[in-house]
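Thanks for making the time this morning.

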Amino acid sequence: MDWQDQGTILSARPHGETSVIVDVFTAAHGRHAGVVRGGASRRMAATLQPGSRVAVKWQARLEDHLGSFTVEPLTSRAGALSDRLALLGLGAVCAMLTVTLPEREPHPRLHAMTEPLLAVIADGIEGWPLDYLRWEMALLEELGFGLDLSRCAVTGVREDLVYVSPRSGRAVSRAGAGDWAAKLLPLPACLLGQGGATWEEITQGLRLTGHFLDRLLAAHDRRLPEARNRLIAALARQG
């Protein structure tokens with residue numbers, strides 16, 4: 001059994017004295033693990049950093065075996081090492097993919113969105129936190145729980161949508177909320193496509209996506225990764 005693909009290193013952990021097991025998010029094969037022989041060497045260390053884009057060849061005797069990877073570097077994200085916020089962003093993307101996606105299940109649409117996001121984060125392009133928030137919205141949709149922000153769940157109107165129901169994930173207008181407003185989640189305007197966003201709106205949006213992501217993960221006895229919590233704490237301090 002063998003195949004070739006391109007993808008992003010999500011994690012690398014020691015395996016024996018000289019090898020590592022890497023998790024790679026690939027275009028055609030989804031999140032896939034494999035052993036890199038000699039991956040513990042100093043020469044391979046930079047290539048196997050989370051966020052690095054690589055070309056991989058996977059081989060195994062049987063399809064359900066762990067198998068081994070041959071890895072060639074394509075794009076390094078080393079530029080993020082000098083930017084703490086960018087480094088936290090890369091770590092959050094990799095951790096979220098690791099904890100939310102099942103192994104060996106292709107997600108080509110999500111992969112197509114993830115690579116540009118990693119590029120703007122690593123390059124320190126202004127505004128990437130809003131891109132990250134929108135990516136989490138896409139991740140929710142990919143997992144089968146896209147939020148419906150098109151109209152008010154109570155009145156059906158499309159204007160003045162300022163809340164989201166924590167149960168249904170549907171938008172609620174100010175008038176439709178009524179006495180229930182305190183029990184609803186704030187909906188930042190940036191998620192409605194209305195221009196840019198303040199740091200406060202971005203963190204507010206991440207608390208919104210986090211509520212539903214946490215609920216989905218809890219059903220599988222998993223939790224949101226600490227890497228994401230560290231990113232949100234850092235973004236909150238920016239404001």
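This is a predicted model: local features need pLDDT of at least 70, side-chain atom pairs count only at pLDDT 80 or more; totals for chains, interfaces and linings use all residues.

Helix α2 runs over residues 84–100, and at 1.5 Å a residue its 17 residues should span 24 Å, which agrees with the 24 Å between its end C-alpha atoms. At the start of α2, a side-chain oxygen of aspartate 83 comes to within 3.1 Å of the backbone nitrogen of leucine 85.

Now to arginine 31, which sits in strand β3 and, with a relative accessible area of 11%, is buried. What does arginine 31 form a salt bridge with? The partner is aspartate 23, with the closest N and O atoms 2.7 Å apart, and aspartate 23 counts as buried too, at 5% relative accessibility. A polar atom of the arginine 31 side chain also lies 2.9 Å from the backbone oxygen of leucine 101, and the contacts of arginine 31 include Leu97 and Thr98.

The search of the whole structure finds eight salt bridges, and one of them, at 3.3 Å, joins arginine 53 and glutamate 115. That pair links strand β4 to helix α3, across 62 residues. Glutamate 115 forms a further salt bridge with arginine 77, at 3.0 Å, and because arginine 77 lies in the loop between β5 and α2, this pair ties together parts that are 38 residues apart in sequence. Through shared partners, Arg53, Arg77 and Glu115 form one network.

Terms used. Residues are numbered from 1 along each chain as its sequence is written. Side-chain values use heavy atoms; hydrogens and water are left out. Helices (H or I, at least four residues) and strands (E, at least two) are DSSP runs, numbered from the N terminus. The expected span of a helix is 1.5 Å times one less than its number of residues. A polar contact is a pair of N or O atoms within 3.5 Å; within protein, one must be able to donate a hydrogen and the other to accept it, and residues adjacent in sequence count only if both atoms are side-chain atoms. Contact means heavy atoms within 4.5 Å. A salt bridge is a side-chain nitrogen of Lys or Arg within 4 Å of a carboxyl oxygen of Asp or Glu. Buried means under 20% relative accessible area, exposed over 50%, partly exposed in between (1.4 Å probe, protein chains only). Lists of a residue's contacts leave out its neighbours within four places in sequence.
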